[in-house]
Amino acid sequence: MEAERAATAKAASRAYNRNSGVRYSANCPGVVELTFVNRKLYIALTGHIVNISVTGCLFSNQTTPWSTIDLGKAGESAFDLIDEDCHIYIPWANIHRRGKVRRVGAYIIGVQFARPITEDLAKYIARLEPNSVLHFKPRDARKYNRILPLGHR
């Protein structure tokens, strides 16, 4: 079952990368909420949107819990542990989107939006960099960048 899920995810990732259209370079903060496959745990990661297109975005976070763990030795990848469905929030534009996780690395997460956004909105998000403030500081920092039970959401 896991091998079938991984093969389906890999094929979807390839199709997403090839058909994603024009990508605009961006450098604005964002939050990605991920749930784990067992649906008991979640994590809300704060970081930056590296680039964006009408179909998705590339999100970067330097403090993912799996960045310091060698998952290769355990026989699993971070992609196997994370559920495909996710939620992305862009605080400076107050935009919430549902999506699918298409790639997970030590510091990068590729997200495909459930519904494509307009090209004007993608360009607007790419231009966001008010006052050269590059970091999003949430009110309750305890809920971010940590794996928590789903009940604490």
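Guide: Start with two terms. Strands (E, at least two residues) and helices (H or I, at least four) are DSSP runs, numbered from the N terminus. Two strands pair if DSSP finds at least two bridges between them. This is a predicted model, where local features need pLDDT of at least 70 and side-chain atom pairs count only at pLDDT 80 or more, while totals for chains, interfaces and linings use all residues. Residues are numbered from 1 along each chain as its sequence is written, and side-chain values use heavy atoms, with hydrogens and water left out.

Now look at strand β3, residues 56–60. On one side of the pairing, β2 and β3 form a hairpin with three residues between them. The two run antiparallel, and four bridges join them. Take asparagine 51: its bridge partner in β3 is leucine 58.

β3 also pairs with strand β6, residues 108–113. These two run antiparallel as well, joined by five bridges. Here cysteine 57 stands opposite valine 111 in β6.

Next, burial. Buried means under 20% relative accessible area, exposed over 50%, and partly exposed in between (1.4 Å probe, protein chains only). Five of the five residues of β3 are buried, so the strand is largely enclosed by the rest of the structure. In a regular strand the side chains alternate between the two faces of the sheet. In β3, Gly56, Leu58 and Ser60 point one way. Cys57 and Phe59 point the other way.

A nonpolar core is a set of buried Ala, Val, Leu, Ile, Met, Phe, Trp, Tyr and Cys residues joined through side-chain atoms within 4.5 Å. The largest one here has 28 residues, and Cys57 is among those that touch the most other members, along with Leu34, Ile49, Ile52, Ile90 and Ile109. Elements that give two or more residues to this core include β2, β3 and β6. β1 gives the most, with six residues.

Threonine 46 is buried, with a relative accessible area of 16%. Its side chain makes a polar contact of 2.9 Å with the side chain of asparagine 145. A polar contact is a pair of N or O atoms within 3.5 Å; within protein, one must be able to donate a hydrogen and the other to accept it, and residues adjacent in sequence count only if both atoms are side-chain atoms.
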